[in-house]
Amino acid sequence: MESNGLMGGIFKVCDWISKLAYVNLLWVIFTLIGFGLFGVAPSTVALFSIVRKWIMGENNIPVFSMFWSIYKSEFKKSNLLSFLLIFIIFFMYVDWVLIGSMQGILHHIFLTIFIIISIIFTVILVYIFPVYVHFEGSILNYFKSAILIGTSFPIRTLMMVLAVGTGILTSLLFPGVGVLFFGSGLSFALMYFSYSIFKNVNPNIK
């Protein structure tokens with residue numbers, strides 16, 4: 001029985017490895033199809049949607065056809081979201097440069113405000129795609145939900161941030177691992193923690 005249990009566990013691990021590598025490959029390919037800038041957002045939405053299905057126990061979904069369908073249907077909306085995020089990042093960069101040129105009390109005041117905004121924006125970044133694929137709503141509602149959920153569960157939010165940091169560091173140290181699992185690995189970690197929170201918020205959630 002122990003042998004069967006061990007072999008069953010090994011099989012599940014190998015199955016997850018193969019699935020995550022495959023969907024990560026799709027993520028890269030469809031990002032390139034959209035010339036990077038226009039492809040990364042719909043590819044990421046499709047990636048999170050597929051991983052969400054797996055976490056919910058739906059293991060027999062047609063991965064390629066579902067990925068392609070979501071990619072097409074969410075192309076405009078997801079790109080609108082990504083351009084908004086890029087604009088915010090650019091705006092924060094400009095603020096950072098301006099704050100660096102300040103002196104005295106103004107520097108400390110605006111630096112404190114910048115740090116607070118950066119923390120809030122980090123919360124948005126780790127939750128925005130899980131919220132996007134799990135809930136229906138406008139982009140503004142996604143931002144509100146990401147902030148509300150992220151600040152309501154600070155420990156799990158911190159774990160998600162650490163997971164992202166670990167994933168980035170691992171990919172930098174081991175580029176081969178990053179090529180195979182960077183997108184899918186991060187999406188699994190973020191979706192896993194987020195989905196557990198969604199179920200806490202609403203135990204009847206699907």
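In this predicted model, D15 and K19 both belong to helix α1, which covers residues 2–33, and they are 4 residues apart, about one turn of the helix. Their side chains meet in a salt bridge, with an N to O distance of 3.7 Å. The two partners fall into separate accessibility classes: D15 has 30% relative accessibility and so counts as partly exposed, whereas K19 has 11% and therefore counts as buried, since the buried class lies under 20% relative accessible area.

A search of the whole structure finds 2 salt bridges, and K53 and E58 also form such a pair, their side chains meeting at 3.6 Å, N to O. Here K53, at 23% relative accessibility, counts as partly exposed, and E58 is likewise partly exposed, with a relative accessible area of 31%.

The helix packing can be taken up next. Two packed helices are described by the angle between their axes and the distance between the axes. For helix α5 (residues 104–134) and helix α8 (residues 175–201), the angle is about 60° and the axes are 10 Å apart, and the crossing of α5 and α8 is right-handed. On the α5 side the contact is made by V126, Y127, P130, V131, V133 and H134, while α8 contributes L190, M191, S194, Y195, I197 and F198. Sorted by class, the contact of α5 with α8 has 10 nonpolar and 2 polar residues, and no charged residues.

How values were computed:
Residues are numbered from 1 along each chain as its sequence is written. This is a predicted model: local features need pLDDT of at least 70, side-chain atom pairs count only at pLDDT 80 or more; totals for chains, interfaces and linings use all residues. Side-chain values use heavy atoms; hydrogens and water are left out. A salt bridge is a side-chain nitrogen of Lys or Arg within 4 Å of a carboxyl oxygen of Asp or Glu. Helices (H or I, at least four residues) and strands (E, at least two) are DSSP runs, numbered from the N terminus. Buried means under 20% relative accessible area, exposed over 50%, partly exposed in between (1.4 Å probe, protein chains only). Axes are lines fitted to C-alpha atoms, for helices over the stretch in contact, and angles run from 0 to 180 degrees between N-to-C directions. A crossing is left-handed if the near helix is turned anticlockwise from the far one by less than a right angle, and right-handed if clockwise. Contact means heavy atoms within 4.5 Å. Ala, Val, Leu, Ile, Met, Phe, Trp, Tyr, Cys and Pro count as nonpolar, Asp, Glu, Lys and Arg as charged, and the others, Gly among them, as polar.
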